[in-house]
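Here is a short report on one protein chain. Keep the sequence and the 3D view open while reading.

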Amino acid sequence: MITLFQFPPAFNVPNISPFCLKLETFLRLAGLEYQVKHLSDPSKGPKGKLPFIKVDGETIADTEIIIRDLQQRYAFDLDAGLDARGRGWAVAITRLCDEHLVRLLVHFRWLEDEGWNQVSPVLFSALPAPARPLVGGLVRRKVRKQLNASGLGAHSRDELLAFARADLDALDGLLGDVPYFGGAQPCSADAAAYGVLANLILCTLETPLSRMAREYGRLVDYCDRMYQRVWAE
Ligand SMILES: N[C@@H](CCC(=O)N[C@@H](CS)C(=O)NCC(=O)O)C(=O)O
């Protein structure tokens, strides 16, 4: 049995971490049995981040490494139906989501006051009241440092919004009129895309980026389709 360690649900999505939602979506798409253990502190993870899993006594961190490991361990390939070009696109879409669009989402959630004023009361509610501003401030400073290190911190708000527009245009164009990024069936890139798109479109946390994402009718329909296929009980 696989044990998935991740944040608890919040804001109308199974996980407000795009990476946790990516991995749980992958586990469901793959039809793997798993149990969930909720953690709120990413420093408990072997690489200081969530999600991570335990399987056959091993602890594995990082969604890309976990997905590769599980596919080898259980001898399946969610991208088996794709040709070399399709596999290349799956990697490119996953990178766009994980390494770029997620960072923009994090910026608007954590560093702009509109997002922060919604996130902080919920995420730190388990802490004793006097500790909340202190811990919240420390976490916010860490997020700012991470975004600066990624290079995004150098840009103006308008430039960040233009990057987000380009990412969403790209995802909208790549999806086109097929149901999934994998075509007729979901592939590994659908797990990554749903992880971040559901966190923009279905998540009740309001940011300029979530409002922008909801302008894309095909991406909205995509989130509904993925929800129905993977998440509706
Ligand atoms: N590359 C990692 C990224 C995971 C990640 O960034 N997780 C975030 C939550 S969305 C986290 O735990 N951040 C805490 C931190 O960086 O301190 C993966 O694919 O699993």
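## Cysteines

A disulfide is a pair of cysteine sulfur atoms within 2.5 Å. By that rule, the count here is 0 disulfides. This is a predicted model, in which local features need pLDDT of at least 70 and side-chain atom pairs count only at pLDDT 80 or more, while totals for chains, interfaces and linings use all residues. Residues are numbered from 1 along each chain as its sequence is written, and side-chain values use heavy atoms, with hydrogens and water left out.

Burial is judged by relative accessible area: buried means under 20%, exposed over 50%, and partly exposed in between (1.4 Å probe, protein chains only). Cys 203 is buried, at 1% relative accessibility. Cys 223 is buried too, at 0%.

## The annotated domain

The UniProt record, an unreviewed entry, annotates residues 164-226 as "domain: Metaxin glutathione S-transferase". UniProt positions are given in the numbering used here, feature names are shortened, and annotations may be inferred rather than shown by experiment. Helices (H or I, at least four residues) and strands (E, at least two) are DSSP runs, numbered from the N terminus. Over residues 164-226, the chain is 67% helix and 0% strand. The end C-alpha atoms of this stretch are 22 Å apart.

Met 226 sits in helix H9 (residues 217-231). Its relative accessible area is 0%, so Met 226 is buried. Contact means heavy atoms within 4.5 Å. Leaving aside neighbours within four places in sequence, Met 226 contacts Thr 25, Leu 29, Tyr 180, Asp 190, Tyr 194 and Trp 231. Tyr 34 is 192 residues from Met 226 along the chain, and their C-alpha atoms are separated by 19 Å.

Asn 199 belongs to helix H7 (residues 188-201). Asn 199 is buried, at 2% relative accessibility. Not counting residues up to four places away in sequence, its contacts include Val 13, Asn 15, Ile 16, Leu 105, Arg 109 and Tyr 194.

## Where H3 meets H6

Axes are lines fitted to C-alpha atoms, for helices over the stretch in contact, and angles run from 0 to 180 degrees between N-to-C directions. The axes of helix H3 (residues 84-111) and helix H6 (residues 157-175) come within 10 Å. They cross at roughly 150°.

Which residues of H3 meet H6? Among them are Trp 89, Ile 93, Cys 97, His 100 and Phe 108. On the H6 side, the residues include Arg 157, Phe 163, Ala 164, Asp 167 and Leu 174. By class, the contact of H3 with H6 has 15 nonpolar, 2 polar and 2 charged residues. Here Ala, Val, Leu, Ile, Met, Phe, Trp, Tyr, Cys and Pro count as nonpolar, Asp, Glu, Lys and Arg as charged, and the others, Gly among them, as polar.

Most residues other than glycine have a negative phi, and most peptide bonds are trans. A cis peptide bond joins Leu 50 and Pro 51, with omega about 5°. Pro 51 lies in the loop between strand S2 (34-38) and strand S3 (52-55). Asp 62 has a positive phi, near 85°. Asp 62 is in the loop between strand S4 (58-61) and H2, and is partly exposed at 37% relative accessibility. Ala 75 also has a positive phi, about 50°. Its place is the loop between H2 and H3. Ala 75 is exposed, with a relative accessible area of 67%.

Leaving aside neighbours within four places in sequence, Ile 66 contacts Leu 23, Pro 51, Phe 52, Ile 53, Ile 60 and Ala 61.
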